[in-house]
Protein chains: 2
Amino acid sequence: MALIVQKYGGTSVGNPERIKNVAKRVAKFHAQGHKMVIVLSAMSGETNRLIALAKEVSSAPSPRELDVVISTGEQVTIGLLCMALQELGINARSYTGGQVRILTDDAFTKARILDIDGDNIRRDLDAGSVVVVAGFQGVDEAGNITTLGRGGSDTTGVALAAAIKADECQIYTDVDGVYTTDPRVVPEARKLDTITFEEMLEMASLGSKVLQIRSVEFAGKYKVKLRVLSSFQEEGEGTLITVEEDKNMEQPIISGIAFNRDEAKITVLGVPDKPGIAYQILGPVAEANVDVDMIIQNVGHDGTTDFSFTVNRPDYDKTLGILESVKTHTGAREVRGDRTMAKVSIVGVGMRSHPGVASRMFRTLAEEGINIQMISTSEIKISVAIDEKYLELAVRVLHRAFGLDQAAA
Amino acid sequence: MALIVQKYGGTSVGNPERIKNVAKRVAKFHAQGHKMVIVLSAMSGETNRLIALAKEVSSAPSPRELDVVISTGEQVTIGLLCMALQELGINARSYTGGQVRILTDDAFTKARILDIDGDNIRRDLDAGSVVVVAGFQGVDEAGNITTLGRGGSDTTGVALAAAIKADECQIYTDVDGVYTTDPRVVPEARKLDTITFEEMLEMASLGSKVLQIRSVEFAGKYKVKLRVLSSFQEEGEGTLITVEEDKNMEQPIISGIAFNRDEAKITVLGVPDKPGIAYQILGPVAEANVDVDMIIQNVGHDGTTDFSFTVNRPDYDKTLGILESVKTHTGAREVRGDRTMAKVSIVGVGMRSHPGVASRMFRTLAEEGINIQMISTSEIKISVAIDEKYLELAVRVLHRAFGLDQAAA
């Protein structure tokens with residue numbers, strides 16, 4: 001008899017048949033005596049359809065009105081799921097974000113949750129109802145409809161779980177858990193039974209797009225027990241995302257390997273080595289809304305230094321253009337680039353207590369003749385930039401070298 | 001400088017191009033200095049699409065959840081129109097029924113408006129904004145989303161106009177006004193410049209489906225100046241619906257001719273002529289949710305009487321079946337029916353002060369050899385049931401006989 005929040009994504013509620021399947025799954029939990037709160041996304045494709053409509057009437061739709069339009073996607077699915085549950089003889093009541101009420105700031109299209117009133121939900125749960133809540137949306141203080149931005153339904157699920165003190169927040173998606181790496185690249189990739197919040201954050205931000213990053217931060221902050229599961233499998237425990245202390249002492253050094261294909265590298269050579277140079281180079285890039293990922297500055301010599309960073313490949317040409325003008329300002333010698341980069345990262349809280357992880361990574365890559373072009377490290381992650389053509393090879397050999405093919409010790 | 005409520009139906013906002021056209025029309029009024037409140041329906045077809053989705057998950061969707069789902073249709077159009085207005089440089093703000101707030105009872109799918117809070121609207125109007133409101137919807141006391149039933153957007157328009165004391169409520173539709181009769185049947189049919197609320201009610205309930213009947217009642221009750229116009233024409237004054245006193249003294253006797261094709265007649269012959277017989281016959285029919293229209297009971301003789309009524313043609317067979325069992329209870333001699341009936345009605349407040357209108361109608365039909373099978377009258381309407389094959393002929397000759405082909409004197 002637990003209080004469980006389950007969140008189902010757009011694919012899981014992509015058509016009436018799938019909505020009925022979600023209803024059956026919820027009914028099973030309900031029959032076991034659990035109190036159930038369900039958070040839903042819009043049917044897959046619906047949010048994009050609504051955005052396309054908006055773009056047809058306005059080249060730059062007002063964020064307030066965009067939220068009015070796109071929040072309807074979740075409103076449709078919550079009503080439909082309640083009907084499907086009622087068809088199974090289960091009492092169910094739907095709530096929009098405003099009806100809950102999920103109070104947010106007024107940053108339309110990317111609002112942040114400020115507070116959740118759990119009274120309506122608790123009352124309905126106590127009366128034996130399943131409560132179905134629209135993800136991705138809320139209201140501001142003035143009653144305007146807001147949305148939380150892409151992937152915001154995960155955040156709604158976690159925030160609700162925190163607000164009503166749920167025993168667990170289960171995120172149903174189209175994969176059955178978090179893997180050591182992408183199984184399409186390494187067939188031996190294993191599903192992880194547990195992963196820490198910190199590792200999950202590194203995995204998510206590095207391209208393992210299972211959970212929206214903000215929801216993971218939220219779950220970590222409010223200590224919500226978070227589990228990723230597949231909505232297309234009957235059984236399975238998915239992957240539990242835990243605070244570090246919960247983890248098995250015998251944890252592996254590395255939990256997983258994340259990678260990102262679409263990187264590009266830009267190097268500014270012979271920059272005068274003086275304070276403020278990083279800002280002079282990256283300031284104009286940030287102003288152009290280009291996200292910069294890895295940033296490397298070598299130790300200077302002869303009064304100059306080399307400065308490298310990576311950007312998403314679609315931003316490559318734009319960024320090169322910006323730097324051509326920066327070059328003259330800064331007196332840099334040359335701007336070079338490479339548009340076919342990839343990034344590979346090994347992630348694991350275990351590396352904190354195990355020296356030699358980095359050298360094992362570099363040796364593994366060297367043995368395959370893979371040249372490392374950039375290196376960047378954090379406490380629980382080591383990332384390298386390599387030529388994209390070596391990406392699959394690098395992920396495979398690292399997966400084996402760190403023993404990820406075998407079940408955890 | 002007037003305060004105008006404009007309501008646009010589903011065809012008028014049926015796609016992004018048409019929504020932009022509505023924006024242009026609103027912009028024109030706004031530029032003339034009018035304060036504008038716009039009420040919108042869902043894009044044509046959208047409500048049906050949503051109902052079909054609901055039917056796919058549940059054979060009998062819960063009315064509360066159905067309202068959650070179908071109310072999204074208008075929420076999309078209000079956002080889109082605001083964007084289109086902003087694209088033209090006009091400040092605009094959308095409101096769902098709940099945001100206004102339009103308070104209704106909790107009769108989901110057919111709620112009635114109890115109260116409208118005009119504060120938000122007035123504040124925005126005073127700030128120079130156009131206000132765009134979702135038609136067809138409201139919230140109950142507990143904050144549940146409700147809808148007003150089909151055609152409810154007209155009612156929203158009129159109720160809002162009453163609440164904020166608008167100078168005029170303009171209903172934009174795909175016809176340019178109310179006609180003396182259907183121009184597809186009588187090419188000489190003329191658009192009426194004015195019609196009284198009472199006449200409009202009779203015309204509407206008899207099949208001139210220009211305005212939702214409840215909205216006309218509402219407008220009459222709260223003395224809202226109501227005008228029907230075409231959203232597909234640049235110019236035109238449409239038809240103004242007035243209280244009787246406003247009308248020209250030289251008004252014509254008859255304002256229009258309404259008709260309904262899909263009628264069927266049922267006659268119960270030789271019923272014992274005693275109290276309660278009408279209820280014994282019509283009670284079971286009403287219980288089966290069959291709408292009965294004209295009801296005629298002849299003066300009895302020999303202790304029995306004949307009892308006739310009309311129903312919509314799709315209900316004909318069902319009704320005959322019900323009456324077969326009623327026959328035995330009541331001791332009636334015979335049940336007869338005719339499934340190819342039509343009803344023609346002449347409508348006009350002028351007939352109150354002009355005797356001989358009925359006889360002119362009957363003579364006109366007799367001269368064409370059209371047999372009148374049933375007659376029913378009200379203060380401002382005379383209806384006859386005739387064989388459907390004479391319908392067009394009857395409407396044409398009556399249109400001419402009452403001088404509707406010519407402009408009003």
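This is a predicted model: local features need pLDDT of at least 70, side-chain atom pairs count only at pLDDT 80 or more; totals for chains, interfaces and linings use all residues.
How much area is buried between chain B and chain A, and what share of that area do carbon and sulfur atoms give?

View 1. The size of an interface is often given as the accessible area lost when the parts come together. Here the area buried between chain B and chain A is about 3,200 Å², and carbon and sulfur atoms give 59% of this area. On the chain B side 41 residues take part in the contact, and they meet 41 residues of chain A.

**View 2. Helix 1 of chain A passing helix 2 of chain B.** The axes of helix 1 (residues 16-31) of chain A and helix 2 (residues 46-57) of chain B come within 9 Å and cross at roughly 45°, which means that helix 1 of chain A is oblique to helix 2 of chain B. The crossing of these two helices is right-handed. Helix 1 of chain A contributes A:Pro16, A:Ile19 and A:Lys20 to the contact, while helix 2 of chain B contributes B:Leu53, B:Glu56 and B:Val57. Of the residues in this contact, four are nonpolar and two are charged, with no polar ones.

**View 3. A salt bridge between the chains.** Two salt bridges are counted between chain B and chain A. The side chains of B:Glu46 and A:Arg49 form a salt bridge, with 3.9 Å from N to O.

**View 4. A salt bridge within chain A.** Over all chains, the structure holds 50 salt bridges, and one of them joins the side chains of A:Glu198 and A:Arg352 at 2.6 Å, N to O. Because A:Glu198 lies in helix 8 (residues 197-205) of chain A and A:Arg352 in the loop between strand 16 (334-347) and helix 12 (357-367) of chain A, the pair ties together parts that are 154 residues apart in sequence.

Note on methods: Residues are numbered from 1 along each chain as its sequence is written. Chains are lettered from A and ligands numbered from 1 in the order in which they are written. Side-chain values use heavy atoms; hydrogens and water are left out. Axes are lines fitted to C-alpha atoms, for helices over the stretch in contact, and angles run from 0 to 180 degrees between N-to-C directions. Helices (H or I, at least four residues) and strands (E, at least two) are DSSP runs, numbered from the N terminus. Angles under 35 degrees count as roughly parallel, over 145 as roughly antiparallel, 65 to 115 as roughly perpendicular and the rest as oblique. A crossing is left-handed if the near helix is turned anticlockwise from the far one by less than a right angle, and right-handed if clockwise. Contact means heavy atoms within 4.5 Å. Ala, Val, Leu, Ile, Met, Phe, Trp, Tyr, Cys and Pro count as nonpolar, Asp, Glu, Lys and Arg as charged, and the others, Gly among them, as polar. Buried area is the accessible area (1.4 Å probe) that two parts lose on being put together, summed over both. A salt bridge is a side-chain nitrogen of Lys or Arg within 4 Å of a carboxyl oxygen of Asp or Glu.
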